[in-house]
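I opened my notebook to look around a structure with a few simple questions in mind. Come along and check each entry against the picture.

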Amino acid sequence: MSLGGATVLCFAGSYAIALALEAARLLGPRRPVMRALGHAFGAAGILAQMVYLAVHPPALASVRGSLLVLSLILAIFYLYGSIHHGRLAWGLFVLPLVLGLVALAELDPDRGADRGPWRAAAGALSGVHFWGAVHGTLLLLAAVGVCVGFIASLMYLFQAYRLKAKALPEEGLGLLSLERLEEMNRRALGWAFPLLTVGVGIGAILLGQHSDPLGGWTDPRVLGACVLWAVFAIVLYLRYGRRRIGARRVALLTIVAFGLLVFTLASTHTLAPGVSR
Amino acid sequence: MKLQVLGWSFRKTRLELRERLAFDEPARLHALAEIGARFDCEAAMLSTCNRVEVYVGRSADEPLPDGDVMTEFVAQRKGILVSDLAPGRYEHQQTDAMRHLFRVAAGLDSLVLGETQVTGQVRLAYELGQRAGSIGPLLHALFQHASVGAGRVRTETGIARGRVSIASVAIEYVRQVFAHFSDKTVLVIGAGKMGGLTLRHLGRLGLGRILVTNRSSEKARTVALSCGGESVPWDQLNDALSAADIVLSTTGASEPVVTEARYRAVRARRGSRTAVILDLAVPRDFDPAVHDGESTWLFNVDDLARVRERTLRDRQRHLGHAEAIIAEEQQRFLSDWLRRRNGPLIARLTEDFEAKRRAVLHQLLGRLNGRLTAADQATIEGAFRLLQNQFLHGPISALAEEMPEGGRHTLREALRRLFRLAE
């Protein structure tokens, strides 16, 4: 079977098996071989997804494209974290997000609109296409930050809940300390916000300057990105402003921001009246 | 093989007597050397805060000094009356002694089930025996197998998992909240023993600053001096609570020192900064309502003890599996030991029969020289070899099946067993 035959099922299946192995470690006796197998399946999934994206490169601006690339980056984040923090239940939090993004990508009604090989596309990068690509890339990187912040927030809330109930971590569901998780969230939001700001800024300029086929400021993706930026700004102000809120509330707001992100990514750009696809 | 263990442990011997019985390293080295010289046997001694045990053994089936003799030896060395030692004494022989050592090394006979410190102490007992020259082939093999068994129990069962000391459970909670400690301030309220122990554990994490306060300023200064901290006047407790990230409270107060109302004022000054409070006092020093699950995490003795009890209950579930591993390793030791002991004997027996067979065959073939074909010679050689193997099968099997207790047999009984003869 050639590598070019990699399908969505290949990498999604690998991630699902890695998740199942992670869950099995929680329920049964700990065996190093299961952890190693989980890593192997995770790595296989990443490889298959990279091959798939190379052979069937989707448009970054499309729902499917952004979700698949985002899920790939998070899958790499999972593998790194799982190897680096071997005793923690890393995969139980990250892999469901990865699988969720892949599933969302597959639900995109325009999933047949993949572009040709990257080489041909690269030659077309000029002018508005170039800045459009920069805009899309920055938003994607900001999305990675939001996702990492979301994962850290979920872990934080779970850990806080257990500590509030005064339970100690069980074997297999080890988590980072609250301080470490709060740091992780803070750093993720800290570098995502400037990227989002610049990305939204470029998008706003492009929207204003060009007779875009987009539907203007009421375009769902445009609206979503702007609201996401506003929520980000509020979170950062509340966390670091004069009246600081606690880490738990920051975690909850980060989860809200993640919800907005999913809405933004899952929305397609609507077209201006009279413009056909 | 002869093996025996004599000991005194927390089960039947009170702490004061165990403290008097304890042997430090130099004392153990002398005692072991003397046992070896006086009784001409192998010896090892285990001495911990919960037990003192003397293992003696011989590879040959010759009697060992009995329990009374060894008790007198120990009593003389420690200046204790034999009558004081006799009631709490326990003694095991042969396979029971083996099983006892394996269980002790694996932490199955410990005050806290599954504790792992004792494995290192058993290893130390072996090393001291080596240095004293009292470890021979029997105890060497026995202690090696005990160590392997302990390792298997630890890795293949959950009997050593979780925290069981109050101080270590407390530290575990702190580590679930904080990742860095060099920038943290610890406030110690009171001068209780548990607080000191927990502070020592915390100190290993590399604390930034330690504040100590007590109703008695003298006691506060003493505790601060002992832990490298600063003493804080009692009337500045609120300021200290505002500054501290971790609080250890162990006063002897009969009522809460910090009520919810008092801490509300402290919390207003702290803002959203996280604090972990370890209330190790009985009665409690902190109002439980102080624990809000947002920025203030309060753990008292009940919480810590509950985790400890749950851990111990969980460990009990693994006891059966651990005992099975011990039984396996014990059997492995026995097979290994018998193989080592009987191997040279079997080799000599086989060589002797081989020599006799060749001699008789040589004589026979010499007399029949010229009258036999090569095929006939090969048949006769094969028949003699078959006869030799059948003669040897009985004795070799009987040796392999012999129990380590050995025991004396009459010559008649020995012949019957060796050659599988019916009565």
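How many nonpolar, polar and charged residues are in the lining of the largest cavity? I looked it up: ten are nonpolar, two polar and three charged. Here Ala, Val, Leu, Ile, Met, Phe, Trp, Tyr, Cys and Pro count as nonpolar, Asp, Glu, Lys and Arg as charged, and the others, Gly among them, as polar.

**Ground rules.** I noted that this is a predicted model, where local features need pLDDT of at least 70 and side-chain atom pairs count only at pLDDT 80 or more, while totals for chains, interfaces and linings use all residues. Residues are numbered from 1 along each chain as its sequence is written, chains are lettered from A and ligands numbered from 1 in the order in which they are written, and side-chain values use heavy atoms, with hydrogens and water left out.

**Cavities.** A cavity is a set of points on a 1 Å grid over the protein atoms alone where a 1.4 Å probe fits but cannot get out, and lining residues have an atom within 4 Å of a point. Grid points are joined across faces, edges and corners, and a volume is the space filled by probe spheres set on the points. I found three cavities of 30 Å³ or more, and the largest holds about 80 Å³. Its lining has 15 residues, with A:Glu182, A:Asn185, A:Arg186, A:Arg239 and A:Val250 nearest the centre. I saw that α7(A) gives the most to this lining, five residues. Helices (H or I, at least four residues) and strands (E, at least two) are DSSP runs, numbered from the N terminus.

**Where the chains meet.** I found 23 residues of chain B in contact (heavy atoms within 4.5 Å) with 23 residues of chain A. The buried area, meaning the accessible area (1.4 Å probe) that two parts lose on being put together, summed over both, is about 2,000 Å² between these chains. On the chain B side, B:Arg161, B:Gln176 and B:Glu294 lose the most area to chain A.

I then looked for salt bridges (a side-chain nitrogen of Lys or Arg within 4 Å of a carboxyl oxygen of Asp or Glu). There are three across the interface, including one between A:Lys166 and B:Asp303 at 2.8 Å, N to O.

Most residues other than glycine have a negative phi, and most peptide bonds are trans. I noted that the bond from B:Val282 to B:Pro283 is cis, and B:Pro283 sits in the loop between β9 and β10 of chain B. B:Asp40 has a positive phi, near 50°.

Technical notes: On a 1 Å grid over the protein atoms alone, a cavity is a set of points where a 1.4 Å probe fits but cannot get out, and a pocket is an open set with protein on both sides within 12 Å along at least five of seven lines; lining residues have an atom within 4 Å of a point.
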